[in-house]
Structures are given as structure tokens and as C-alpha cells.
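Student: I would like a close look at one part of this model, taken slowly and with the cut-offs stated.

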Amino acid sequence: MEIFNSQQYPVHDLTKMYGQLDTLKKQYDDDGVVVLKDFLGSEYLESLINESRALANQAYFNTVSGNPYLCESDPNLPGDHALNHKESTTLGVIAGDQLPESSVSRQIYRSQALRDFVASIIGIPKIFDYQCKLGFINIARMVKDNYLRWHFDLSDFVVSIPIQSASKGGVYQYIHNLKSDNDPNYDGVSKVLTHGSPQIKSLQTPPGSLILFQGKHTMHRVTKVEGDVDRYVLLLGFASKDHVKGSDYLRQIRYGRTK
Ligand SMILES: O=C(O)CCC(=O)C(=O)O
Ligand SMILES: [Fe+2]
């Protein structure tokens, strides 16, 4: 049994994916997201579900309010300015150091074939470890009434594998290119937060998919989980450069501890 569904995705021999890689690359650039369905071998997905359920009670739950840029608000600006919009996120996180050495999540994280594959789609030469023993892998757990607010990611890209969907709600929604490196687009963002937008898309994220997401310029959220089935997602903390560490401040918020 292989970790990845190599029949559909021969990640160990990228030459076999030649045409497919170009398509995926273009999709990533155009849409800001790529979903590769049935990426994980079915037995590995099952192990991942069991791993998540076994550790469910150890997830650290926290509620954090703030704006979509994940930075301080500005009292000198009007109340409806994008920096002063406030929403609350509540969810649970199982940190990397809570996942056993032999866990499937760690096996996935360490796979060089996966890293080379991801790097070739997002167009970077190499993928590095995120140097944080809490953040290098996470399993995010969302239970009934949990919500992940509209935000832009601080990292260049996010790689995730949905493990279990909620029975209702818990949907990933996004608008691509709502900001850029040069333009925070405060007016555009404020409009979406106040009035919604027909440009908001909902993403289908079946368990076992590989999702590559450009969350830096793509505003996204996870709608409120309804019903009693928890939502689990594996987040792989890959970095595009060496020595990326994160801060104690962010660790305290996300894991309730700094080490
Ligand atoms: O749970 C998800 O699917 C997305 C998580 C996310 O956006 C984040 O952790 O920044
Ligand atoms: Fe995000």
C-alpha cells in the first residue's frame, strides 16, 4: 500500500505527469487553489481519521478576534475600515509535537516526493521545513458552532489534506486576488465583509484530497460547523525558504503554549 494514489498521481516520477503538471500550475496561478481529489491512498486516509479521533480530546481550543489581515486594528481609522473589521475564530488545534513519530501525518510531511511535486506546481525551487515543532504539522479540529473567520494567510502558500468533513457547514469559501503584495485593497475587502460578494466561491474538499492554496492574496474562511460531525484537516507547514520559525506570540494564541 502506498501513501499516495500513484496510479492517478505518479508523484515519484514527475516525468510521467508532464502535461498534467502544466495544467495544475496554470490552475494554481489562475484560481489561487488546486484540489487533487483522491490523492491519499484509502488505507492511509483511514489511519489519518483514526489518528485524529484518537487525539481529538487533546486539541487546544481558542477564540481569537480580529481583522482579515491578522494584524492590529487602527483606532485612528473609521470603524468600517477593513483594519477595524472584527470577526471571531473558534477552533481546536492538535499540534505537531502531539502527533507520534510513526504517525501518518508525519510520514506525509516527510515525503520528499510530495515536496517536489508541490514545489513544481506552485513554482518554487524547493520546499523547506517550517522550523516550529508545534506548527510544522497541525490537525485542525472544528466542532459544532466553530468558525474560521475571513482572513489572508501570512505564509505564501498552504498545503492541506481534508480528513473528515462536517455533516453540515464547515465549507471553505474564498475570493482569489482580493489583495496583492502592493495593494491591501482595504475598500474592496471592507465591501466583501459588509455586503458579501457574488465572487465568493465555495470549494469542494473531499477527504483525502491534496489542496494547494495561495492564501496570501486570497481571502478565505471556513463557514460555521453545524451538526455533530467534527471537521478535521491536516495542515502541512511547508516553507518556501529556510529558517522560517514563527513567533511565540502566535504560538501562544494557537496552541496555548510556546513550547
Ligand atoms: O481549515 C481549513 O481548511 C483552512 C485553514 C486555514 O485557512 C488556515 O489555517 O489558515
Ligand atoms: Fe488560512
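Which strands each supply at least two residues of the shell around ligand 1?

Tutor: This is a predicted model, in which local features need pLDDT of at least 70 and side-chain atom pairs count only at pLDDT 80 or more, while totals for chains, interfaces and linings use all residues. Residues are numbered from 1 along each chain as its sequence is written, and chains are lettered from A and ligands numbered from 1 in the order in which they are written. The strands in question (DSSP runs of E, at least two residues, numbered from the N terminus) are β12, residues 219-222, and β14, residues 231-236. Around ligand 1, with the C-beta atom, placed from the backbone, within 6 Å of it, stand Ala 140, Leu 148, Asp 153, Ser 160, Tyr 172, His 220, Val 222, Val 233 and Leu 235. By class, this shell holds six nonpolar residues (Ala, Val, Leu, Ile, Met, Phe, Trp, Tyr, Cys or Pro), two polar and one charged, where charged means Asp, Glu, Lys or Arg and polar the others, Gly among them.

Strand β11, residues 210-213, is covered on both faces, with Leu 210 and Leu 212 on one side and Ile 211 and Phe 213 on the other, all of them buried (20 or more other C-beta atoms, placed from the backbone, within 10 Å of the residue's own). In a regular strand the side chains alternate between the two faces of the sheet. β11 pairs (at least two DSSP bridges) with strand β1, residues 33-36, in the antiparallel sense over four bridges, and there Leu 212 is the bridge partner of Val 34. Strand β7, residues 158-164, also runs antiparallel to β11, joined by three bridges, and Val 158 stands opposite Phe 213.

Note on methods: Buried ≥ 20, exposed ≤ 12 C-beta atoms within 10 Å, placed from the backbone.
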